[in-house]
Amino acid sequence: MRKARIALTAVLVTTLGLGLTACGGDSKDGATEKESPTATVPAPDGASPSADSGENEGGDAQPAGDVTAPGAGLKVGDKAVLPFEYAKKKGTLAITVTAIDKGTEADMSQFGARAEGLTPYFIKMKVENVGDTDLSRAYVQLRGLLDGGQSTGVSLIGDIPGKCDKESAPAEFGKGVSFETCSLAASRSSDVTGAEFDEGDAYSDKPVVWTAG
């Protein structure tokens, strides 16, 4: 499975023009071609590297009753069945958030000075292909939410090896195949206690949300 290299985008409130360091060369699976951690300011919240635009080349159409409804509220440990598009193919994934673990500020040292004051949270999940389309190398990203459902204001691309390992799907990812992965979130203040899936038109305004506790 491929590992994405690390990039950090901190969304900060500012009224001044800032010099930006672009995270150039993003690939379809969320990997960036930067060899070292970088930081950019600002970036739009909600952008996701896991879905590609284009005409559907898969055949995994699902009736509405077979998938988790937009806006559904789940608990950590619950499974959501969700439509998913990757590399011009449409399929269906079952995503189970298994844990939201809190790290330490020291874990963010590889991101450099602009990550100072950020505490990382590790959104761990199991992803299973439950549709008929092979979604090989698909990359799934969930966003962290603060207690109360607010955005963290910080968007991260990358992982912390050994603590939050970001994995893509295997080369053969057909029906019944599963893998485990982790999305990295961070906060400067409140705890991250939730995660959301907001891929696709149906879920962009009404994401599926998992909460701890």
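1. The largest nonpolar core has 30 residues, and Ile95, Leu142 and Trp210 touch the most other members. A nonpolar core here is a set of buried Ala, Val, Leu, Ile, Met, Phe, Trp, Tyr and Cys residues joined through side-chain atoms within 4.5 Å; buried means under 20% relative accessible area, exposed over 50%, and partly exposed in between (1.4 Å probe, protein chains only). Strands 4 (79–86), 5 (89–102), 6 (119–129), 9 (178–187), 10 (192–197) and 11 (208–211) each supply at least two residues of this core. Another core, of 12 residues, lies apart from it and includes Phe111, Ala115, Cys182 and Ala186.

2. The model is predicted: local features need pLDDT of at least 70 and side-chain atom pairs count only at pLDDT 80 or more, while totals for chains, interfaces and linings use all residues. Residues are numbered from 1 along each chain as its sequence is written, and side-chain values use heavy atoms, with hydrogens and water left out.

3. Beyond its neighbours within four places in sequence, isoleucine 95 has contacts (heavy atoms within 4.5 Å) that include Leu82, Met125, Val127, Val140, Leu142, Phe197 and Trp210.

4. Strands are DSSP runs (E, at least two residues) and helices likewise (H or I, at least four), numbered from the N terminus. Four strands form an open antiparallel sheet in the order 4-5-6-9, where pairing requires at least two DSSP bridges between two strands. Strand 4 and strand 9 stand at the edges with a single partner strand each, so one side of each has no neighbour in the sheet.

5. Strands 4 and 5 pair in the antiparallel sense over eight bridges; glutamate 85 has lysine 90 of strand 5 as its bridge partner. Alanine 87 lies in the loop between these two strands and is partly exposed, at 34% relative accessibility.

6. There are six salt bridges in the structure, each a side-chain nitrogen of Lys or Arg within 4 Å of a carboxyl oxygen of Asp or Glu. One of them joins aspartate 101 and lysine 124 (3.2 Å, N to O).

7. Arginine 143 forms a salt bridge with glutamate 196 (2.4 Å, N to O). Glutamate 196 is in strand 10 and arginine 143 in strand 7 (residues 143–146), so the pair ties together parts 53 residues apart in sequence. Arginine 143 also meets aspartate 198 in a salt bridge (3.3 Å, N to O). Shared partners join Arg143, Glu196 and Asp198 into one network. Glutamate 196 is buried at 8% relative accessibility, aspartate 198 is buried at 13%, and arginine 143 is partly exposed at 21%.
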